[in-house]
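Open the model in your viewer and keep the selection panel at hand.

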Amino acid sequence: MAIARPVRALGLAAVFVLIFCFYTITRPSSGVHDLDSLKTKADFHGTIERDPNLDPTGEPAGNLVRTSDAYAPGKAGTARIPATLLALVRNEELEGMLQSMEDLERTWNNKFNYPWTFFNDVPFTEEFKRKTSAATKAECRYEVIPKEHWEKPSWINDDILAESVKILEDNGIQYANMLSYHQMCRWNSGLFYKHPALADIQYYWRVEPKVHFFCDVDYDVFRYMQDNNKTYGFTITLYDAPKSIPSLWPETSKFISEHPEYLHENRAEEWLTDRIRRPVHNEMANGYSTCHFWTNFEIADMNFWRSQAYEDYFNHLDRAGGFFYERWGDAPVHSIALGLFEDKNKIHWFRDIGYQHIPFFNCPNSPKCRGCETGRLTDGEKWLNKEDCRPNWFKYAHMN
């Protein structure tokens, strides 16, 4: 049946209005707050502090469980709790994944033999399965992501998406036109823990291809999380690209106004809203400091993501469309939720785990570490040192 001309006109007008609204929020800035100002003194009101990793680093305080015969591979490993090493990886990233596995097996998992769970939006090749299973004595599981968890949701408007991508590209946002990147961010934000393969799993350690681990870790990190009542563990915390997330904080504020009951009394909100250290970041992100835990490394309790507060928050963000119309990443989404809905004392800095994801490091001063330079945040350009948000985490939360 043909659509009447007035109805078609109204439909086109509605699309135009939505595109204009997104452009108003995300258009390139001018004057002192243009993109170049992100690398100038205008956007850095602080100092590059002495890295606390220069101080001698030992194991964390609290109950620590060591390896034993109860951690042997297979069914004999009765000491292992419901936890997994988790990787979202493509078949073509096999060599990078093997590198990461080699490092983590050498420094930690050869002692504890926790299973590896690999996720992909397509089936893994036999070569991928053969080579990864040969890289560990632990069990390997290979899972395909359900289409309904990966595909662009039905409420995303293709016309608005196309215009939004152009705006993101004008603002120099990396991966703006890569649909799979947006899909990955959405899945990592609020869908991975719903996969049936993780139904009986509580804790996970996220591992990406081409990362490095430098330090021997001699205790069960999952038991540390459980026994010391920790929800989340990180190594690096950074500032995000503010033009990739201009409506994330406004949408968060809208959600909080509707659900103030979800705010934790001992939250790290000041870490999320600081406007002193990087004022242009805060202004461009409409009230959000853009500080986030760098989630390519995270050790976490999935019960937090499965909570009603996080479920409602993710669903609100998902319907707002910013995973596609902007480039909302799982790092700011996870970090905002943790900063608002969780006790900040349940968030732990794994300062003793040496780690690198190009171009940033966590390199502690410990005889257990080899292959990284103590206290170096980055081997990239000097201005990258301003991207470190640990000083604000230490200021508004703690150093434990």
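**Whole chain**

Start with the contacts: of those in the chain with a separation of 6 or more, 83% are between residues 24 or more positions apart. A contact means heavy atoms within 4.5 Å.

Some ground rules. This is a predicted model, in which local features need pLDDT of at least 70, side-chain atom pairs count only at pLDDT 80 or more, and totals for chains, interfaces and linings use all residues. Residues are numbered from 1 along each chain as its sequence is written, and side-chain values use heavy atoms, with hydrogens and water left out.

Show the chain as a cartoon. It has 15 helices and 12 strands. These are DSSP runs numbered from the N terminus: helices are H or I with at least four residues, strands are E with at least two.

Zoom out. Along the principal axes, the C-alpha atoms fill a box of roughly 75 × 55 × 40 Å.

Colour by burial. Buried residues make up 56% of the 400. Buried means under 20% relative accessible area (1.4 Å probe, protein chains only).

**Strand 1**

Select residues 83–88. Show the side chains. In a regular strand, side chains alternate between the two faces of the sheet. Ala83, Leu85 and Ala87 lie on one side, Thr84, Leu86 and Leu88 on the other, and all are buried.

Two strands pair if DSSP finds at least two bridges between them.

- Select 203–206, strand 4: strand 1 pairs with strand 4 in the parallel sense over 4 bridges. Leucine 85 stands opposite tryptophan 205.
- Select 116–120, strand 2: strand 2 runs parallel to strand 1, joined by 4 bridges. Here alanine 87 has phenylalanine 118 as its bridge partner.

Finish on residues 355–357, strand 11. Strand 11 pairs with strand 5 in the antiparallel sense over 2 bridges. Centre on tyrosine 355: phenylalanine 213 stands opposite.

Conventions. Buried < 20%, exposed > 50% of the residue type's maximum accessible area, 1.4 Å probe, protein only.
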